[in-house]
Amino acid sequence: MESGIEVLERCARNLPAKKLEFRKIETPLGMIYYAFGQDGEGRYHGIWGTRKIGRTIEFRNRDFITADVVAAALIDAAQWFLLEAGKRGLFPNG
């Protein structure tokens with residue numbers, strides 16, 4: 001059986017990006033793994049994952065998006081999910 005990070009990596013490799021950057025960040029809410037890269041037209045695609053949950057994001061406006069903006073957006077989306085899921089008691093062990 002694959003771990004959550006292995007599934008996330010496999011999903012990231014299916015993104016239309018040519019070269020991917022894989023990163024992780026420890027937050028008070030838990031570890032967030034994320035990956036992103038640009039496709040042939042310069043648009044960024046990314047994925048975040050935490051607690052065996054993940055989501056892809058496509059960044060359409062390639063003129064104003066940088067790698068730092070993409071990374072921050074992926075982290076923000078994952079943190080929002082962790083906060084909202086925690087409020088609803090979806091994580092039995094904290």
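The conversation that follows takes up a few residues and the terms used for them.

Modeller: This is a predicted model, in which local features need pLDDT of at least 70, side-chain atom pairs count only at pLDDT 80 or more, and totals for chains, interfaces and linings use all residues. Residues are numbered from 1 along each chain as its sequence is written, and side-chain values use heavy atoms, with hydrogens and water left out.

Biologist: Why is Lys52 called exposed?

Modeller: Exposed means over 50% relative accessible area, buried means under 20%, and partly exposed lies in between, with a 1.4 Å probe and protein chains only; Lys52 has 71% relative accessibility and therefore counts as exposed.

Biologist: Why does Arg51 count as partly exposed?

Modeller: Its relative accessibility is 37%, so Arg51 falls in the partly exposed class. Arg51 lies in the loop between strand E3 (44-50) and E4, where strands are DSSP runs of at least two residues, labelled E and numbered from the N terminus. Lys52 is also placed in the loop between E3 and E4.

Biologist: What is the phi of Arg51, and what is that of Lys52?

Modeller: Arg51 has a positive phi of about 50° without being a glycine, and Lys52, not a glycine either, has a positive phi of about 65°.

Biologist: Why is Gly54 called partly exposed, and which residues is Gly54 in contact with, leaving aside its neighbours within four places in sequence?

Modeller: Gly54, located in strand E4 (residues 53-59), has 49% relative accessibility and so counts as partly exposed. With those neighbours set aside, Gly54 is in contact (heavy atoms within 4.5 Å) with Trp48 and Gly49.

How values were computed:
Helix = DSSP H or I, 4+ residues; strand = E, 2+ residues; numbered from the N terminus.
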